[in-house]
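Hi everyone, thanks for making time. I'd like to walk you through one structure today, so please have a look at it while I talk.

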Amino acid sequence: MPRRFVVPTVAPAPPEALTVPEVMYALRLSRSKVYDLFRSKQLESFTAGRARRVPVAAVRQYMQDRLEEAA
């Protein structure tokens, strides 16, 4: 009898935290600029083992702060 594969009907939840390359892509910034933002406390992040992660809310807050500065 052939095996049947079940296709999930619910899309996976979006990630709550992004990797540095994902932040670089989202903000269209270089790796060094992203790490500068971490050092200057303009963008919040945390480490999980050796991996650095950025909460999605922190990226949104960073963008909101830049928009308010530009206004």
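Let me start with a word I'll be using: a residue counts as exposed when its relative accessible area is over 50%, and as buried when that value is under 20%. Please also keep in mind that this is a predicted model.

With that cut-off in hand, take Arg28. Its relative accessibility is 58%, so Arg28 counts as exposed. You'll find Arg28 in the loop between α1 and α2, and its phi is near 55°, a positive value in a residue other than glycine.

Lys41 is another residue to look at. Lys41 sits in the loop between α2 and β2, and its phi is positive too, about 65°, although Lys41 is not a glycine. Is Lys41 buried or exposed? Lys41 is exposed, with a relative accessible area of 71%.

Let's take the α2 partner in more detail. Two packed helices are described by the angle between their axes and the distance between the axes. For α1 and α2, the angle is about 100° and the axes are 9 Å apart. The two helices are therefore roughly perpendicular to each other. On the α1 side, the contact is made by Val20, Pro21, Val23 and Met24, and on the α2 side by Arg31, Val34, Tyr35 and Phe38. If you sort the residues of that contact by class, you get 7 nonpolar, no polar and 1 charged.

On to the sheet. Here we have an open sheet of 3 strands, in the order β1-β3-β2, with antiparallel pairing. Which strands are at the edges? The edge strands are β1 and β2 (46-48), each pairing on one side only.

Let's go through the pairs. Between β1 and β3, which run antiparallel, there are 2 bridges. Ala17 has Pro55 of β3 as its bridge partner, and Leu18 stands opposite Val54 in β3. A helix joins the picture here: α3 packs on the sheet, touching β1 and β3, and its direction makes about 60° with that of β3.

On the β2 side, how many bridges join β2 to β3? There are 3, and these two strands also run antiparallel. In this pair, Ala48 is bridged to Ala51 of β3. The hairpin of β2 and β3 has 2 residues between the strands, and in this hairpin Gly49 takes a positive phi near 70°.

One last stop, back on a helix. Arg66 lies in α3, and its relative accessible area of 25% makes Arg66 partly exposed. How far is Arg66 from Val7, going by their C-alpha atoms? These atoms are separated by 41 Å, and the two residues are 59 residues apart along the chain.

That's my tour, and I'm happy to go back to any part of it.

Key. Residues numbered from 1 in each chain as written. Predicted model: local features only at pLDDT ≥ 70, side-chain atom pairs only at ≥ 80, totals over all residues. Heavy atoms only, no water. Axes fitted to C-alpha atoms, helices over the stretch in contact; angles between N-to-C directions. Helix = DSSP H or I, 4+ residues; strand = E, 2+ residues; numbered from the N terminus. Parallel < 35°, antiparallel > 145°, perpendicular 65-115°, else oblique. Contact = heavy atoms within 4.5 Å. Nonpolar A, V, L, I, M, F, W, Y, C, P; charged D, E, K, R; others polar. Buried < 20%, exposed > 50% of the residue type's maximum accessible area, 1.4 Å probe, protein only. Pairing = 2+ DSSP bridges.
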